[in-house]
Amino acid sequence: MDILGSTFRIAARALRAERMRLDVVASNLANANTTQTPEGGPYRRKGVVFTTKEFANDMGPVDASLGAAGRPSGVDVSEITYDDDPPRLVYEPGHPDADPQGYVAYPNVNPVLEMVDLQAATRAYEANVQVVNATRQLSNAALSIIG
């Protein structure tokens, strides 16, 4: 059952990481026109950095045949980054946030790229849900054989 437990843990970590990625994309899209933040200036696009998270060696005899490469690993969000691209400058002299030249600094958020990232995160999330469902079916099949 340790192998199935590892699979559940790996998929659960991936689901959490992809959910965080979805939250960041949603924040970016929601703030695509935010010209003032509490920190001052326009909203800055955020990104998610994933890292590998190795689990303890709990696969028993299967791990011995696979060697170190067989050690299960998952994914974690290591940090939320801020995009260093400059803000978009739009000439709007009547806007309350316009500078003396009449330009307003808008966030460096590209909605098209955010939608692509949203779609990729959604597909990765769905794939991990399928892993959980398949593992649950395997677990139920194993229990029906035993009982």
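Biologist: Before we discuss Thr35, what does buried mean here?
Modeller: A residue is called buried when its relative accessible area is under 20%. The model is a predicted one. Thr35 has 9% relative accessibility, so Thr35 counts as buried.

Biologist: Where is Thr35 found?
Modeller: Thr35 is in the loop between α1 and β1.

Biologist: And which residues is Thr35 in contact with, leaving aside its neighbours within four places in sequence?
Modeller: Its contacts are Gly41, Pro42, His95, Asp97, Val104, Ala105 and Tyr106. With Asp97 there is also a polar contact between the two side chains, at 2.4 Å.

Biologist: Gly41 is on that list. Is Gly41 buried or partly exposed?
Modeller: Gly41 is partly exposed, because its relative accessibility is 23%. Gly41 lies in the loop between α1 (2-30) and β1 (46-54). Setting aside residues up to four places away in sequence, Gly41 touches Thr35 and Gln36.

Biologist: Changing topic, which residues line the largest pocket?
Modeller: The lining consists of Thr37, Pro38, Glu39, Gly40, Pro42, Tyr43, Arg44, Lys46 and Tyr82.

Biologist: How many of the lining residues are nonpolar, polar and charged?
Modeller: Four are nonpolar, two are polar and three are charged. The space in this pocket comes to about 150 Å³.

Biologist: Let us turn to Gly47. Where is it, and is it buried or exposed?
Modeller: Gly47 is in strand β1. Its relative accessible area is 14%, and therefore Gly47 is buried. Beyond residues up to four places away in sequence, Gly47 touches Val24, Glu79, Ile80 and Thr81. For Gly47 and Ile80, which are 33 residues apart along the chain, the C-alpha separation is 5.6 Å.

Biologist: What about Val109?
Modeller: Val109 sits in the loop between β4 (103-106) and α3. At 5% relative accessibility, Val109 counts as buried. The C-alpha atoms of Val109 and Arg45 are 5.6 Å apart, although the two residues are separated by 64 positions along the chain.

Biologist: Which residues does Val109 touch?
Modeller: Apart from residues up to four places away in sequence, Val109 touches Asn28, Ala32, Tyr43, Arg45 and Glu114.

Biologist: What span should helix α3 have, and what do its ends show?
Modeller: Helix α3 covers residues 111-146, and at 1.5 Å a residue its 36 residues should span 52 Å. The end C-alpha atoms are 52 Å apart, which agrees. At the start of α3, a side-chain oxygen of Asn110 comes to within 3.0 Å of the backbone nitrogen of Val112.

Biologist: Finally, how many helices and strands are there in the protein?
Modeller: The protein has three helices and four strands, arranged along the sequence as α-β-α-β-β-β-α. Of its 147 residues, 25% are buried. Among contacts with a separation of 6 or more, 64% are between residues 24 or more positions apart.

Technical notes. Residues are numbered from 1 along each chain as its sequence is written. This is a predicted model: local features need pLDDT of at least 70, side-chain atom pairs count only at pLDDT 80 or more; totals for chains, interfaces and linings use all residues. Side-chain values use heavy atoms; hydrogens and water are left out. Helices (H or I, at least four residues) and strands (E, at least two) are DSSP runs, numbered from the N terminus. Buried means under 20% relative accessible area, exposed over 50%, partly exposed in between (1.4 Å probe, protein chains only). Contact means heavy atoms within 4.5 Å. On a 1 Å grid over the protein atoms alone, a cavity is a set of points where a 1.4 Å probe fits but cannot get out, and a pocket is an open set with protein on both sides within 12 Å along at least five of seven lines; lining residues have an atom within 4 Å of a point. Grid points are joined across faces, edges and corners, and a volume is the space filled by probe spheres set on the points. Ala, Val, Leu, Ile, Met, Phe, Trp, Tyr, Cys and Pro count as nonpolar, Asp, Glu, Lys and Arg as charged, and the others, Gly among them, as polar. The expected span of a helix is 1.5 Å times one less than its number of residues. A polar contact is a pair of N or O atoms within 3.5 Å; within protein, one must be able to donate a hydrogen and the other to accept it, and residues adjacent in sequence count only if both atoms are side-chain atoms.
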